[in-house]
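Please open the model in a viewer and keep the sequence at hand.

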Amino acid sequence: MDIQLKKAFLALYDTFKSEDAQKTDRLDKWRNIEPESAEFLSLLIKTKNAKKILELGTSNGFSTLWLAEAVSHNQGEIISIDIERDRTNKAFENLKQFELQSYVELLTYDAGQYLADTTLDFDLILLDAERSYYTGYWKDLERLLDQSESSILVVDNVISHEADVEEFIAMIDEQKFKKVVLPIGAGLLLVCKE
């Protein structure tokens with residue numbers, strides 16, 4: 001990644017973090033992925049030559065910027081889903097600012113419904129949404145991982161919010177899937193077929 005672009009992404013992160021510091025309600029905050037986690041995902045996409053990405057939990061598009069920059073090298077595309085129209089609009093503004101909007105299809109939609117309906121294959125799925133829904137998502141995430149030999153699921157906040165994701169992680173069948181927690185950012189869980 002171009003060093004100036006990386007600096008611009010990091011400056012944007014600092015702006016969003018300052019905005020979050022002014023808010024008291026957790027649901028009003030942007031709750032962006034940490035830059036080191038975003039950079040790891042970018043590297044993973046580039047080295048895996050991932051072309052089809054699903055992001056569940058767009059927020060303001062900070063993580064989406066990193067994903068889009070990475071897939072721009074692979075002629076790939078991202079489907080990014082958030083249930084709040086204002087967040088989808090903010091994400092589009094941020095992507096447009098960096099001329100990365102052409103790599104992303106932003107959907108204002110229910111993530112659980114999208115997972116239940118989709119038959120697409122994804123090289124990488126980023127799950128960074130409301131953690132209380134994760135156990136309900138697992139059946140369809142499992143199906144998506146099963147239908148593609150090389151698909152990988154990445155789940156954010158598994159160290160910082162360990163209790164919130166404990167039940168979800170316990171649902172993952174270790175006979176079928178490899179899983180590892182990486183101490184990057186707020187903690188990333190990686191899951192792929194065994």
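Axes are lines fitted to C-alpha atoms, for helices over the stretch in contact, and angles run from 0 to 180 degrees between N-to-C directions. The model is predicted: local features need pLDDT of at least 70 and side-chain atom pairs count only at pLDDT 80 or more, while totals for chains, interfaces and linings use all residues. Residues are numbered from 1 along each chain as its sequence is written, and side-chain values use heavy atoms, with hydrogens and water left out. Helices (H or I, at least four residues) and strands (E, at least two) are DSSP runs, numbered from the N terminus.

**First selection: helices H6 and H7**

Select residues 134–146, which form helix H6, together with residues 162–171, which form helix H7. The two pack at an angle of about 25°, and their axes lie 9 Å apart. H6 is therefore roughly parallel to H7; angles under 35 degrees count as roughly parallel, over 145 as roughly antiparallel, 65 to 115 as roughly perpendicular and the rest as oblique.

Now display the side chains in contact (heavy atoms within 4.5 Å). H6 contributes Tyr-134, Thr-135, Trp-138 and Leu-141, and H7 contributes Val-165, Glu-167, Phe-168 and Met-171.

Move to helix H1 (residues 3–21) and helix H3 (residues 62–71), which pack at an angle of about 165° with axes 10 Å apart. H1 is thus roughly antiparallel to H3, and the crossing here is left-handed. On the H1 side the contact involves Leu-5, Lys-6, Phe-9, Leu-10, Leu-12, Tyr-13 and Phe-16; on the H3 side it involves Phe-62, Leu-65, Trp-66 and Glu-69.

Is H3 mostly covered or mostly uncovered? It is mostly covered, as 10 of its 10 residues are buried; buried means under 20% relative accessible area, exposed over 50%, and partly exposed in between (1.4 Å probe, protein chains only). Among these buried residues are Ser-63, Thr-64 and Glu-69.

Continue to Asn-74, in the loop between H3 and strand S2 (77–82). Asn-74 is buried, with a relative accessible area of 5%. Leaving aside residues up to four places away in sequence, Asn-74 touches Ile-45, Lys-46, Asn-49, Ala-50 and Lys-51.

Show the strands next. Seen in order, S3-S2-S1-S4-S5-S7-S6 make an open sheet of 7 strands with mixed pairing; two strands pair if DSSP finds at least two bridges between them. At the edges are strand S3 (104–108) and S6, each pairing on one side only. Neighbouring strands of this sheet are turned by 15° against each other on average, direction ignored.

Within the sheet, strand S1 (residues 52–56) pairs in the parallel sense with strand S4 (residues 124–127) over 4 bridges. Ile-53 has Leu-124 in S4 as its bridge partner.

Strand S5 (residues 152–156) and strand S7 (residues 188–193) run antiparallel and are joined by 5 bridges. The partner of Ile-152 in S7 is Cys-192.

Strand S6 (residues 177–182) pairs with S7 in the antiparallel sense over 6 bridges, and Val-181 stands opposite Leu-189 in S7. The two strands form a hairpin with 5 residues between them. In the turn, select Gly-185, which has a positive phi of about 60°.

Technical notes
Left-handed = near helix turned anticlockwise from the far one by under 90°.
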